[in-house]
Amino acid sequence: MTSTGEKHQNDPPPPPAAAECTVEEVALVVPETDDPSVPVMTFRAWTLGVACCVVLIFLNTFFIYRTQPLAISAILMQIAVLPIGKFMAAVLPTKEYGLMGRRFSLNPGPFNMKEHVIITVFANCGVSQGGGDAYSIGAITVMKAYYKQTLSFLCALILVLTSQILGYGWAGMLRRYLVDPVEMWWPANLAQVSLFRALHEKESKAQGMTRMRFFMIFLVLSFAYYALPGYLFPILTFFSWVCWAWPHSITAQQIGSGYHGLGVGAFTLDWAGINAYHGSPLVTPWTSIVNVGVGFIMFIYIIVPLCYWKYDTFDARKFPIFSNKLFTGTGHEYDTTRILTPQFDLNIAAYNSYSKLYLSPLFALSIGSGFARFTATLTHVALFHGGDIWKQSKSAVKNVKLDIHAKLMQSYKQVPQWWYLVLLVGSIALSLVMCFVWNEDVQLPWWGFLFAFGLAWIVTLPIGVIQATTNQQPGYDIIAQFIIGYILPGKPIANLIFKIYGRISTVHALSFLSDLKLGHYMKIPPRCMFTAQLVGTLVAGTVNLAVSWWMLENIDNLCDIEGLHPESPWTCPKFKVTFDASVIWGLIGPQRLFGPGGLYRNLVWLFLIGAFLPVPVWVLSKIFPEKKWIPLINIPVISYGFAGMPPATPTNIASWLVTGMIFNYFVFKYRKQWWQKYNYILSAALDAGTAFMGVLLFFALQNEGVDLHWWGAKPDHCPLAKCPTAPGINVTGCPIF
């Protein structure tokens, strides 16, 4: 049951010397040594890894349906498993056994760092499929709970597993471009590396506070503090003092509200709020933070105010300045049931007589930014990285001098490309079989599946380059749904399925690639990584669907807000967003919103603008090669400054920017030794403490309905921020102008 790195027998010798790592953050954090004899796939690793995967996927799937969804991160298991692993190393027998001609031991020695990494890789599969990226389960829930389809369990299982394995196949085919090159450094992994080293490496107290002690101190502090914003004093999540100064002014509250406005002057003292949408700011390079900040300032403080107050773009003043709801032309919330047929198709006559669909101004502009971000990503990567990608495609990478980490990884047998190719082709073939057998359920024709596969193949590489270098993942959810909504209008299920294979497979591919880079840094044998990721994917996908299916079959009125008791916890807020998206892009369709005569038709020009914007930056970088700051201007990341809003708020992003700039510019520049030793440890400690207290609060109080009702437990006290300001619009709780 043990596995160690095995030497190549027939491979050509590696280059005579390895280049130093050229990324300073990596050189400061990642160890440049390895011991190939350390056992990896041990009995302990298998047992704890699969157990962590099952526990995490079960909990994340179960709690995602609740009114207060709870996402449990892998870092909890990463910490909890350490004492269990050491306990197993102390009590398991060390005797060797024989099996099929091989010798193995249940206890090959002390619990080591490489076992710990493999267990975390298993756990990551349970997080990515059960938490925020569980879109395939979301689509199945929408089909069964909202559209009342009688879906086959086998069809659902194929849908879940093939979308995961498809992403795994993309990851394997692209690892040469997104894992091996030193420039693709995946910043978020450095926090994991720092935590593993703190948990396993012994340090001398003479060198100052050890990383392990630092981690434990801030874990406890973070754990204790999160009781305030997490339960006792939730107003700390969005502290909007502007609304207190002007309690009767709609405009002031629209400007200052942290929940429903532009968040000017508002701030958050909640770590969960700071890293909720763009990840931890402590692991994001400061150049990326600057780019996001430029886009954020342009969008929130210039573009949105001009469109709302000066030009009343898209009839903006009829609606709240910031909301993710759908509206009628009179400023009221859109009732989608009034435009649906019993078969959940669009009733065109009812749509024409009821109302066109309207969006809040910030929501509409955020969608437009997604158009620009998609084309800007393709152009940016083609111009700035196209040459390197082309050289690697021609296998010239074999003659390139390896950095120290790639050189150390040459000690292990590599995973043949055909292993990944078999998984990729197999998942595509099985998806097409599902398409033909259950066509009425999935709605998407065979050519739609092929189109989705092609889209995922085109965009995974450029988006991966952006994430691997900036820690930001430009999404194209809107684009995938926009495209198929134009081609197949009036088919909401087809829209969901296309997004799963055309977009969500990319999300999973990038998650797998990030883990592969973690294995690269921690010197995990590639074949061990392949096994852990594949088994973890199959286990997590199966348990994910089984738990979801049981809940859909056994909990009455699950996700049915109208039929539920008012106090029911099963309102499925995340999947309601998925349902609304299927209405916007699938049922009504982008042609009615963005086509000729559509209110938002001019936003389509942002496709062209986004494709053009990286060009002058690239030209200037060639004209002035001595100015090293010019290539750091990253248009896709600038546009990411207003991605995810809503549900992300300007206060979330602004606080993220300030925190990231403090640590990754000022501390990195003026206290580099402290940054090298503690920065990523601090990020992991804040994550872990917040997560542990979040779980405790949920089970002990929130799950039992023990809620506080006082001034500090209310939102940001800006009730007028949700009001429209156009004359004659009558909305409950708002003045009429």
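Predicted model: local features only at pLDDT ≥ 70, side-chain atom pairs only at ≥ 80, totals over all residues.
Okay, quick definition before we start: when I say helix, I mean a DSSP run of H or I with at least four residues, and helices are numbered from the N terminus.

Staying with R601 for a moment, it's partly exposed, at 41% relative accessibility. Y476 is 125 residues away along the chain, and the C-alpha atoms of R601 and Y476 are separated by 19 Å.

Now let's look at a helix, α21, covering residues 492-522. It has 31 residues and runs 44 Å from its first C-alpha to its last, close to the 45 Å you'd expect at 1.5 Å a residue. Just after α21 comes K523, with a positive phi of about 60°.

Another helix worth a stop is α4, residues 113-130, where you'll find T120. T120 is buried, at 2% relative accessibility, and its side chain reaches the backbone oxygen of H116 at 2.9 Å.

On to charges. Opposite charges on side chains can pair when the charged atoms come close. How many salt bridges does the structure hold? Seven. One of them joins the side chains of E24 and K672, at 2.7 Å from N to O. E24 is in helix α1 (residues 24-29) and K672 is in helix α29 (residues 672-700), so this pair ties together parts that are 648 residues apart in sequence. Both ends are partly exposed: E24 has a relative accessible area of 37%, and K672 comes in at 29%.

Then there's R197 with E201, a salt bridge at 3.0 Å, N to O. Here R197 counts as buried at 16%, while E201 is partly exposed at 28%. R211 joins in too, and R197, E201 and R211 make up a network of salt bridges. K325 and E333 also pair up, at 3.8 Å.

Last stop, the surface. There's a nonpolar patch there with about 1,000 Å² of accessible area together, and its members include W241, W244, F267 and W710. Which helices each supply at least two residues of the patch? That would be α9 (227-232) and α10 (241-245). L232 is also part of the patch; it lies in α9 and is partly exposed, with a relative accessible area of 41%.

Notes
Residues numbered from 1 in each chain as written. Heavy atoms only, no water. Patch = residues over 30% accessible without salt bridge, like charges linked within 9 Å, V, L, I, M, F, W, Y side chains within 5 Å. Areas by Shrake-Rupley, 256 points an atom, 1.4 Å probe, with all protein chains shown as cover. Salt bridge = Lys/Arg side-chain N within 4 Å of Asp/Glu carboxyl O. Buried < 20%, exposed > 50% of the residue type's maximum accessible area, 1.4 Å probe, protein only. Expected span 1.5 Å × (residues − 1). Polar contact = N/O pair within 3.5 Å; in protein donor to acceptor, adjacent residues only side chain to side chain.
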